[in-house]
Amino acid sequence: MRNILVLQQHSPFNSSHGREALDLALALAAVEHNVSVLFRGDAVYQLLSTNDHADFKLKAYSRSFKLFSLYDIEQVYVCAASLGERGLKPEQLAFAAEPLAQNAIVDLLAAQHQVVTC
Amino acid sequence: MTRFGLLITSGSYSCQTLSSVLSFVTAAVKAGHIIDHIFLYQDAVYNIAADIDLPSDEPNVSILLAQFCQQHDIALLFCVTAAEKRGITSAKRPAINGYVAAGLAEFAMRQAQIDKLVQF
């Protein structure tokens, strides 16, 4: 078992990065790795709620973040500075990731065997 | 000696990624390290399209990498779901010879047997 961090860096719908990062995190957790997920940069937008809209055809995959606990992924974090830069507050997030300051992110990275950037 | 895994998430004809991968694995093997696997995910699966047709004066790095991996017994894998979503492979259209279809589960399991993961 390895400590593996999936680092989410992309906004939710401009590319498939976020969607495929979710698939990867779940696959890693399914074989008993100790998986953490960190949302930073524009990836913090993945944590906002999504509305159904007839004109928008992409899958609202972020609703599947609720699967994290089913897969025993308990360490889901969001970069506090990235939220602040975008005028967002932790209580606005649809998925309650734990905000981390920069020094805590340094500690998180140092604790990993592997980091996958998506 | 280090046992490496490589995760490729970017690149196709439009960028340098696969050429960098080939340089890395060549240097690593020469220095006595072991490459456990190379796994292509996300847009990196564009590299395995069998219909890639390059002018004769441009090397096809996808094929060069496959040849290197065959010579050195390196598992060269691609995420079959990512490839099918992009229409790169199907039952009628297999990948370039040497690239083996795999699932994310195989990538996940292989993480337990490597020392370092390097991502391109």
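Let me start with the interface: 16 residues of chain A are in contact with twelve residues of chain B, where contact means that the C-beta atoms of two residues, placed from the backbone, lie within 7 Å. On the side of chain A that touches chain B, α1 (17-30) and β5 (114-117) of chain A each supply at least two residues. The largest share of that side comes from α1(A), with seven residues. By class, the side of chain A that touches chain B has eight nonpolar, five polar and three charged residues. For the classes, Ala, Val, Leu, Ile, Met, Phe, Trp, Tyr, Cys and Pro are nonpolar, Asp, Glu, Lys and Arg are charged, and the others, Gly among them, are polar.

Some bookkeeping. This is a predicted model, in which local features need pLDDT of at least 70 and side-chain atom pairs count only at pLDDT 80 or more, while totals for chains, interfaces and linings use all residues. Residues are numbered from 1 along each chain as its sequence is written, and chains are lettered from A and ligands numbered from 1 in the order in which they are written. Helices (H or I, at least four residues) and strands (E, at least two) are DSSP runs, numbered from the N terminus.

Now the sheet of chain A. Its five strands form an open sheet in the order β4-β3-β2-β1-β5, with parallel pairing; two strands pair if DSSP finds at least two bridges between them. The edges are β4 (98-100) and β5 of chain A, each with a single partner strand, so one side of each is left without a neighbour in the sheet. Neighbouring strands of this sheet are turned by 30° against each other on average, direction ignored. Axes here are lines fitted to C-alpha atoms, for helices over the stretch in contact, and angles run from 0 to 180 degrees between N-to-C directions.

Strand β1 (residues 3-8) of chain A runs parallel to β5(A), and four bridges join the two. Within that pair, I4(A) stands opposite Q114(A). Helix α1(A) packs on the sheet and touches β1, β2 (34-39) and β5 of chain A, its direction making about 170° with that of β1(A).

Next, chain B. Chain B has four helices and five strands, and along the sequence they follow the pattern β-α-β-α-β-α-β-α-β. The open sheet of chain B has five strands in the order β4-β3-β2-β1-β5, with parallel pairing. Its edge strands are β4 (100-102) and β5 (116-119) of chain B, each pairing on one side only. The twist averages 30° from one strand to the next. Strand β1 (residues 3-8) of chain B pairs with β5(B) in the parallel sense over four bridges, and L6(B) stands opposite V118(B).

How does chain B compare with the radius of gyration of a compact globule, and what is that value? With 120 residues, such a globule would be near 14 Å, and chain B has 14 Å, which agrees. The radius is taken over C-alpha atoms, and the globule rule is 2.2 Å times the number of residues to the power 0.38. Along the principal axes, the C-alpha atoms of chain B fill a box of roughly 40 × 35 × 20 Å. Among contacts in chain B between residues at least 6 apart in sequence, 78% join residues at least 24 apart.

On burial: a residue is buried if 20 or more other C-beta atoms lie within 10 Å of its own, exposed if 12 or fewer, and partly exposed in between. Buried residues make up 38% of the 120 residues in chain B.

The largest nonpolar core has 65 residues, of which V6(A), A25(A), I38(B), L40(B) and V45(B) touch the most other members. A nonpolar core is a set of buried Ala, Val, Leu, Ile, Met, Phe, Trp, Tyr and Cys residues joined through C-beta atoms within 7 Å. The largest share of this core, seven residues, comes from α1(A). Leaving aside neighbours within four places in sequence, A25(A) is in contact with V6(A), V35(A), V37(A) and I73(A).

Last, two loop residues. Is Q42(B) buried or exposed? Q42(B) is buried, because 22 other C-beta atoms lie within 10 Å. Q42(B) is in the loop between β2 (34-40) and α2 of chain B, and its phi is near 50°, a positive value in a residue other than glycine. E32(A), in the loop between α1 and β2 of chain A, has phi near 75°, also positive in a residue other than glycine. E32(A) is partly exposed, with 13 other C-beta atoms within 10 Å.
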